[in-house]
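The stops below are given in the order in which to select them.

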Amino acid sequence: MRQGACARRARSLSPGERVDWQRGLPREWAELVVSPTLFSRFREYEMLAERVVGYEVEDEPCYCEHYFVLNTMRSDDDDEYYVVPGYWEHLVAWRLRDGRWLVFRRLSSGEDCAQYRSFFCLAETMPR
């Protein structure tokens with residue numbers, strides 16, 4: 001995605017829009033994360049994808065969440081084709097007070113995308 005195109009689709013959330021930024025955050029890590037006060041939402045118009053970035057102050061991200069779905073064509077009879085999800089990913093990351101990022105990633109691929117893998121990891125930088 002081009003940076004300029006992404007920037008044009010970004011917008012700050014209105015006061016009525018809420019981001020449940022603590023959803024999925026393990027209780028034992030809750031005191032170690034930086035709380036966001038401002039959020040921006042980025043939406044992709046060519047596919048099912050969205051990213052929310054939370055900021056401690058205007059230019060310092062401390063939370064990010066994104067998801068996307070990649071569709072694929074399937075056929076039961078090689079005559080009629082239909083679109084189904086072929087891969088999806090959902091990621092949530094929180095910046096810790098020590099500067100590292102706690103990242104939760106859930107992803108799926110395969111026939112029906114019904115089964116998924118999920119895991120936590122630590123990263124030195126915000127996931128892109």
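The tour goes from the overall fold to the cores, then to the cysteines, the salt bridges, a loop and a surface patch.

**Ground rules**

This is a predicted model, in which local features need pLDDT of at least 70 and side-chain atom pairs count only at pLDDT 80 or more, while totals for chains, interfaces and linings use all residues. Residues are numbered from 1 along each chain as its sequence is written, and side-chain values use heavy atoms, with hydrogens and water left out.

**Whole chain**

Start with a cartoon view. The protein has one helix and seven strands, and from the N terminus on the order is α-β-β-β-β-β-β-β. Helices (H or I, at least four residues) and strands (E, at least two) are DSSP runs, numbered from the N terminus. Of the 128 residues, 38% count as buried. Buried means under 20% relative accessible area, exposed over 50%, and partly exposed in between (1.4 Å probe, protein chains only).

**The cores**

Select Val19, Trp21, Leu25, Val33, Phe39, Val52, Tyr63, Val92, Trp94, Leu96, Leu102 and Phe104, and show their side chains: these 12 residues are the largest nonpolar core. The elements that give two or more residues to this core are β5 and β6 (101-109). Apart from this core lies another, of nine residues, among them Phe42, Val53, Cys64 and Met126. A nonpolar core is a set of buried Ala, Val, Leu, Ile, Met, Phe, Trp, Tyr and Cys residues joined through side-chain atoms within 4.5 Å.

**Cysteines**

How many disulfides does the count come to? The count is zero, a disulfide being a pair of cysteine sulfur atoms within 2.5 Å. For Cys64, the nearest cysteine sulfur is that of Cys62, 9.9 Å away. Cys64 counts as buried because its relative accessibility is 0%. Now select Cys121, which counts as partly exposed, at 31% relative accessibility.

The C-alpha atoms of Gly54 and Cys64 are separated by 6.1 Å, and the two residues are 10 apart along the chain. Gly54 has 0% relative accessibility and so counts as buried.

**Salt bridges**

The structure holds six salt bridges. The term stands for a side-chain nitrogen of Lys or Arg within 4 Å of a carboxyl oxygen of Asp or Glu.

Select Glu65 and Arg23, which form a salt bridge with the closest N and O atoms 3.4 Å apart. Glu65 is in strand β4 (residues 60-75) and Arg23 in the loop between β1 (10-12) and β2, so that the pair links distant parts of the chain, 42 residues apart.

Move to Arg105 and Glu89, whose side chains meet in a salt bridge (2.8 Å, N to O). Arg105 lies in strand β6 and Glu89 in strand β5, so this pair ties together parts 16 residues apart in sequence. Arg105 counts as partly exposed at 23% relative accessibility, while Glu89 is buried at 8%.

Then pick Asp98 and Arg100, a salt bridge with its closest N and O atoms 2.9 Å apart. Asp98 is exposed, with a relative accessible area of 51%, and Arg100 counts as partly exposed at 28%. Also select Arg41, Arg43 and Glu50, which salt bridges with shared partners join into one network.

**A loop**

Go to Glu44, in the loop between β2 (38-43) and β3 (49-57). Glu44 counts as buried because its relative accessibility is 16%. A polar atom of the Glu44 side chain lies 3.4 Å from the backbone nitrogen of Glu46.

**Strand β5 and the surface**

Select Val84, in strand β5. Val84 is buried, with a relative accessible area of 16%. From Val84 to Arg74 the C-alpha distance is 6.9 Å, and the two are 10 residues apart in sequence.

Tyr81 is also found in strand β5 (residues 81-95). Show Tyr81 with Met73 and Val83 as a surface: the three form a nonpolar patch with about 340 Å² of accessible area together. Such patches are made of residues with over 30% relative accessible area and no salt bridge, with nonpolar side chains (Val, Leu, Ile, Met, Phe, Trp, Tyr) joined within 5 Å and like charges within 9 Å. Accessible areas come from the Shrake-Rupley method with a 1.4 Å probe, and for residues only the protein chains shown count as cover.

Note on methods:
A polar contact is a pair of N or O atoms within 3.5 Å; within protein, one must be able to donate a hydrogen and the other to accept it, and residues adjacent in sequence count only if both atoms are side-chain atoms.
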